[in-house]
Amino acid sequence: MFVSKIEKNEMDQLPFISFKGEIHRISTKQQTLKAAAWLSQQSVLGFDTETKPRFSAGKMFKPALLQLSTKDRSYLFHLKKTGFPSVLREILSRKDLVKVGAAIRDDIVGLQRYDSFNPAGFVDLQDIAEDYGIAEKSLKKLTAIVLGKRISKSQQISNWEAYPLSTAQAMYAATDAYVCHQIYHVLMEHGEEKKSPRQRMYEEVLEEATRLMKDETDLIAAMANVSALLKEKFNFWWVGFYRVQGKPKELVLGPFQGPPACTHIPYKRGVCGTAWEKQMTLIVPNVEEFPGHIACSLYSRSEIVVPVFDAQQKVRAVLDIDSDRLNTFDTLDKKYLEKICRLFKNLY
Ligand code: SME
């Protein structure tokens, strides 16, 4: 549906995008109240901030500008004039009012330098783009891939503390927040219709696993629940973990769901030992065609094995799923199972 990557020369061919709606420059308390009243009636806002560039190490500047934009109205808050009043902090703390940006962490950290608030309802395009198969992260590239347009970055390092801002600066600032709004809109439009039932099931499992593991400190308990979740949702033939254990190191059976299985698997042996050795997910459409496959059960016809890495990127276990049918697993399974396995990182 979207290309994964885009080269600079391809982007250079695209037409420029700029915000065509109303730009409201906000610099007084009165204007802020009025703007906030309008903004809080919306459901999705493009979000960005601009900070005066720092050319040497040392103290970071506070953001000079906060932009909140819909498709036809963009508000530019001159924070150096208005401060960061509670009406704005409220908008940025509302769970039910979506604020969409790119790499928003830095913007939020910057805003917290004015006054602390509880950020809620934020969506980072960098996170969700991945779900649509987009590998690029920069707003410029996301704009090119999702909207087929080019944004100019010529004003990026201008003096955002200047007052009033030049027309070019105001347009740049409004456009940045606006494109976030538009990219989100397009992704959401494509999102649901493109999602297969299987993808939705994986999203549910991922959500549930994330919730179950949030406060879990015991590895075995977490593995037991993840095995159960996957088995329950997909009714796979066998789902379980093998953990790297002992001296010499080998894979030892851990929590699983399904019929009894082999308990010890040496390094490089079988699909599990090979996934450990190669430190990568292996999809086996037909186990009979995998040299060295270890048949724990005669019913197993296809298989996927996903390594579980610790924070130092060392393989500490593998997640193994067997199916009693051929060709059960593909890159969708790989993508979600890898996400699920990443949840274990903090348990080592
Ligand atoms: N088939 C695996 C062994 C584990 S069982 O399938 C549960 C392998 O070849 O590594």
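User: How many residues of the lining of the largest pocket are nonpolar, polar and charged?
Analyst: This is a predicted model, in which local features need pLDDT of at least 70, side-chain atom pairs count only at pLDDT 80 or more, and totals for chains, interfaces and linings use all residues. Residues are numbered from 1 along each chain as its sequence is written, and side-chain values use heavy atoms, without hydrogens and water. Ala, Val, Leu, Ile, Met, Phe, Trp, Tyr, Cys and Pro count as nonpolar, Asp, Glu, Lys and Arg as charged, and the others, Gly among them, as polar. The lining divides into 13 nonpolar, six polar and 10 charged residues.

User: How many disulfides does a search of the whole structure find?
Analyst: A disulfide is a pair of cysteine sulfur atoms within 2.5 Å. Cys-262 and Cys-296 form such a link, with their sulfur atoms 2.0 Å apart. The search of the whole structure finds one.

User: What is the handedness of the link of Cys-262 and Cys-296?
Analyst: The angle about the S-S bond is -125 degrees. The link of Cys-262 and Cys-296 is therefore left-handed.
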